[in-house]
Amino acid sequence: MGIQHKNQHLAGIDFSSLSHADSISMLRKILESKIHGISFSPYLDGQGPGTEISEAQIEQRLKIIAPYTNWIRTFSCVEGNQHIPRIAKAHDLKTMVGVCLSENKDKNEIELASGIDIARQGYADILAVGNEVLLRGELTEQELIDYISRARQAVPDLNVSYVDAYFQFEDHPELADACDILLVNCYPFWEECPADYALLYMKDMYQRALKAANGKKVIISETGWPSYGAASGAAVPSKESVVQYFINTYLWAEQEDIEIFYFSSFDEAWKTGDEGDVGAYWGLWDKDGNFKYL
């Protein structure tokens, strides 16, 4: 990215010395030079899991974010989501293909088969089998390892892994061993850390993940900050905090050569059911596809 700042230190930039315009300019320069990756769901307002997504809608949403990222991360391989990696490839984007797992074993089989098919067609650059199902208590460690092992056998030349909070890999070393790389979610916000200390907190999360990885590559598969909604302890949603967190995160990523997928592309109203009002406001773009930081 080539962006440095004289006040940068271990905790990031001192934003009290920057004007709002300067901060926004820094964020835009980072995006315009392309971040490593971003989470991508193609849903429009009123849609969510269970909605069949058209290829035209995927194309329209991808065009908005394609100039600003090298990778995208998907979360499902059914209901139209299976088309995303192929369309992304046409935009010169790589894809971490997400296989959605849950306690529903029948649906898991459909998701896994579709994810393997996408990978065999050459449209997956990483296959992520499951997302936070241990955190939610939906599957056991051994069940997850079995799904991962089946995917690895089906596509042996591709990195196959599983996504969860960084501490799950500390708690489940056999699961870490089963993954080709570690895909860790790091959210200082959900651990009630104020924005001023969030970078230091995430650095600690990352170091713990590196230790659990035992020499394997670690990718931060999700991190972000909401722009609106209820606070999480001392962590307060605001646009100013998003700008601060985003800039600090990506300056650190450049310095340390860390691959990070930002969460998320667009605001998604359907997520309020799980996370409360704050769930709808994690996007860099709003629900209508307008960039929020001007």
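This is a predicted model: local features need pLDDT of at least 70, side-chain atom pairs count only at pLDDT 80 or more; totals for chains, interfaces and linings use all residues.
Student: Which residues of α6 are buried, and what do they pack against?

Tutor: A residue is called buried when its relative accessible area is under 20%. In α6 this holds for L144, I145, Y147, I148, A151 and A154. These buried residues of α6 pack against α4, β4, α5 (133-136), β5 (160-165) and α8 (173-178).

Student: At what angle do α4 and α6 pack, and how far apart are their axes?

Tutor: For a pair of helices, one reads the angle between their directions together with the distance between their axes. For α4 and α6 the angle is about 30 degrees, and the axes are 10 Å apart. Angles under 35 degrees count as roughly parallel, and α4 and α6 are therefore roughly parallel to each other. The crossing in which α4 passes α6 is right-handed, and the contact is made by K105, N108, E109, L112, I116 and R120 on the α4 side, with E143, Y147, R150, A151 and A154 on the α6 side.

Student: How do α9 and α10 pack?

Tutor: Helix α9 (residues 198-213) and helix α10 (residues 239-256) meet at an angle of about 45 degrees, and their axes are 10 Å apart. The two helices α9 and α10 are therefore oblique to each other. The handedness of the crossing, as α9 passes α10, is right-handed. In this contact, α9 contributes A198, L199, M202, K203 and Y206, while α10 contributes Y245, N248, T249 and W252.

Student: Turning to the strands, how many of them form the barrel, and in what order do they run?

Tutor: The general idea is that strands of a sheet pair through backbone hydrogen bonds, either parallel or antiparallel. In this structure, eight strands with parallel pairing form a closed barrel, in the order β1-β2-β3-β4-β5-β6-β7-β8. On average, and with direction ignored, neighbouring strands of this sheet are turned by 25 degrees against each other. Helix α4 (residues 105-120) packs on the sheet, where it touches β3 (94-99) and β4 (126-131), and the direction of α4 makes about 160 degrees with that of β3.

Student: Which bridge partners does I38 have in β8 and in β2?

Tutor: Strand β1 (residues 35-39) pairs in the parallel sense with strand β8 (residues 260-262) over two bridges, and in β8 the partner of I38 is Y262. Four bridges join β1 to β2, which also run parallel, and in β2 the partner of I38 is I72. Five of the five residues of β1 are buried, so this strand is largely enclosed by the rest of the structure.

Student: Which residues lie on each side of strand β6, and how many bridges join β6 to strand β7?

Tutor: To read a strand in this way, one looks at its two sides in turn. In strand β6 (residues 182-185), L182 and V184 lie on one side and L183 and N185 on the other, and all are buried, so that both faces are covered. Three bridges join β5 to β6 in parallel, with N185 as the bridge partner of A165. Four bridges join β6 to strand β7 (residues 218-223), again in parallel, and L183 stands opposite I219 in β7.

Student: Where does N81 lie, and is N81 buried or exposed?

Tutor: For a residue in a loop, one reads its place, its accessibility and its contacts in turn. N81 is in the loop between β2 (69-73) and α3 (84-90), and at 4% relative accessibility it counts as buried. Leaving aside neighbours within four places in sequence, N81 is in contact with P42, Y43 and S76.

Student: What does Y68 touch?

Tutor: Y68 lies in the loop between α2 (55-65) and β2, and with a relative accessible area of 24% it is partly exposed. Not counting residues up to four places away in sequence, Y68 touches L31, E32, K34, I35 and W285. Y68 and I35 are 33 residues apart in sequence, and 6.4 Å apart in space from C-alpha to C-alpha.

Terms used
Residues are numbered from 1 along each chain as its sequence is written. Side-chain values use heavy atoms; hydrogens and water are left out. Two strands pair if DSSP finds at least two bridges between them. Axes are lines fitted to C-alpha atoms, for helices over the stretch in contact, and angles run from 0 to 180 degrees between N-to-C directions. Contact means heavy atoms within 4.5 Å. Buried means under 20% relative accessible area, exposed over 50%, partly exposed in between (1.4 Å probe, protein chains only). Angles under 35 degrees count as roughly parallel, over 145 as roughly antiparallel, 65 to 115 as roughly perpendicular and the rest as oblique. A crossing is left-handed if the near helix is turned anticlockwise from the far one by less than a right angle, and right-handed if clockwise.
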